[in-house]
Each structure stands twice: as C-alpha cells, then as structure tokens.
Protein chains: 2
Amino acid sequence: MERNTQQRQAILKAFEIAERPLAVQEILDLAQGDCPGLGVATIYRNLKALVGDKKLIVVDMPGGVALYELPGGHHHHHFSCNGCQKVFDVDGCGLNVKNLVPNGFTLKRHEVLLYGFCDSCSR
Amino acid sequence: MERNTQQRQAILKAFEIAERPLAVQEILDLAQGDCPGLGVATIYRNLKALVGDKKLIVVDMPGGVALYELPGGHHHHHFSCNGCQKVFDVDGCGLNVKNLVPNGFTLKRHEVLLYGFCDSCSR
DNA sequence: AGGCCAGTGATAATAGATTATCATTAAGGG
DNA sequence: CCCTTAATGATAATCTATTATCACTGGCCT
C-alpha cells in the first residue's frame, strides 16, 4: 500500500511552486516550509519512489549533483545560472544533429546545457 | 622549480595516445604502462598542476566524474558511449543559440552532450 | 475509535572521490 | 658525481552524497 503522507505532498508541492529542477537541498528547504521537521532521509526515499513511479525525472548535472523535476513531457534543456546557482528549464532545442555525430556512431539522446546569468542575476 | 618527471611525461603521453578525454582511472591505467608503480596521488597532483598550467582542461560530465583533455583550441563537444563508457570529442557544434535563451538571461557558454554508441559498440 | 504497519526522523554507516601525511626517491644545477 | 629538495608512493584521512537502521508516529482500513 502507498500512503499519501504530508511529507510526500510537501515534496511534490515544492516542485509545483518552484517550476524548475531542484536539488535535494533545495527540496528540503522548500518542503520544510510546509512540513517542519522533515528529514533528508525522507527526501531521498520519496525521490526514489517518485522517480520509480514516473512522477519525477532525474536531471544529471555536471559536478555530480542530481536534480529532479516534474515530467513536463516536451523536449527541453537546461540553463544553469552562475549567479544564484539555480537551474532553469529552457524550451526547445536548437540543436542540429546532422553532420555532428561521427561516422559509425549511433546517437540515442542528447543534452544541451547553457551557462550564464538568469534574469535576476543579469542586472 | 618544476621537474620533468617520468610520471608527468607518462601522464601527458597517455592523452596524446588516447586522443580523447580521460578519467582519472583511465589515465592511471594508461600511464602505468610507461611508469609501473605510478600511484593515484601522483595523478591527482599532476592533473591539478597541469590544469593550472593550461596544459590540460577539465571536462565536467554528468554523474560527477571529471574528465581531462589536451586543450585542442577549437570549439567542440562530447559523445559518451553507453557501451564502452568512453567519451569522444565531436568537432563542430550544431547549436543554434538564437531563440533558445530566455528573455533577460545572459548566455556565457554552453555544452552539448551526445549519448549513444561509438563506432565499435554500434556493431 | 482502534490497531496495523508503511512511513518517518535522527543518526550511524557506507561509498566513492579527492586530499594530506610522511618517509623515500630521483631530477637536475653546480 | 654530489647534493638539495621537489616529487613520488602508500596509505590514512577527509569530504560529500546517499543509504541503512530502528524506535516511533500517523494514514487509513475496518
């Protein structure tokens, strides 16, 4: 049986409010607003379960920090801000795969990572 | 003073032979062919020094494993093979940055990561 | 309302990557 | 060739992220 706990609700709500990929620490900070006392172990447990249920997807970022986000469905990439360190979704792709993949290689998927400063940090 | 040790030579030679980005463990395996007894600490020490001297550059890959490569100079990206786990350089870019960056955001740099199977692993 | 047990929280344990320590080795100037 | 000392190798230590443990709590079925 799977229970609908306050903790799990708070975690999912954090993603709905943030509207961007979140790291474990960010999820913890946001969800603790709704659910004081929430512990890291619970975050990890629920993340694993939610990813298994396809309610969240993993975004592997360089540097070893895994981010999680709601499955939007459409093809998109990510923008990492050097100022606030937040990661934002970027709609669309802009990648021309033709003539990029070496001869004999088989392309399965791709990631585009943009780095710079977000709206707030650009000023 | 900076000494031209056999260890440092073996490390740089590994990159020249491999002609692709290498992880610490790969560098160790390759360089030990020229320099038996070479230890990990020496790899890390030299990598740090070589990156400081711009003789190597760091490639941060998702998953937290850092790769190193010779500074080729030209703009390129990387292809990660799901079969042999090796990473290869891919010349060119193919990314149309226009209309990709959100309003107000400032783009500083970008990375394109391709995943699939290399020539050998495609067969 | 009562009770079972999945889920939780605090913390210890684990895992993997990188760094520090220190006795020993060897690069290279004189 | 000798001597200074930077660099090395083995290993312990550290650091960070994640998982396991276990007593306790609260969701939810009856």
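**View 1. The largest nonpolar core of this predicted model.** Among the 22 members of this core, A:Leu95, A:Val112, A:Leu114, B:Leu95, B:Val112 and B:Leu114 touch the most other members; a nonpolar core is a set of buried Ala, Val, Leu, Ile, Met, Phe, Trp, Tyr and Cys residues joined through side-chain atoms within 4.5 Å, where buried means under 20% relative accessible area (1.4 Å probe, protein chains only). At least two residues of the core come from each of β4 (76-81), β5 (87-91) and β6 (106-117) of chain A and β4 (76-81), β5 (87-91) and β6 (106-117) of chain B, strands being DSSP runs (E, at least two residues) numbered from the N terminus.

**View 2. The surroundings of A:Leu95.** Neighbours within four places in sequence aside, A:Leu95 is in contact (heavy atoms within 4.5 Å) with A:Leu100, A:His110 and A:Val112, and also with B:Cys93, B:Gly94, B:Leu95, B:Val112 and B:Leu114.

**View 3. Residues around DNA strand D.** DNA strand D is surrounded by 19 residues, the closest being A:Arg3, A:Tyr44, B:Arg3, B:Thr5 and B:Thr42; a residue counts as near if one of its heavy atoms lies within 4 Å of the strand. Sugar or phosphate accounts for 62% of the atoms of DNA strand D within 4 Å of the protein, and bases for the rest.

**Notes.** Residues are numbered from 1 along each chain as its sequence is written, and chains are lettered from A in the order in which they are written. In this predicted model, local features need pLDDT of at least 70 and side-chain atom pairs count only at pLDDT 80 or more, whereas totals for chains, interfaces and linings use all residues; side-chain values use heavy atoms, without hydrogens and water.

Note on methods:
Buried < 20%, exposed > 50% of the residue type's maximum accessible area, 1.4 Å probe, protein only. Helix = DSSP H or I, 4+ residues; strand = E, 2+ residues; numbered from the N terminus.
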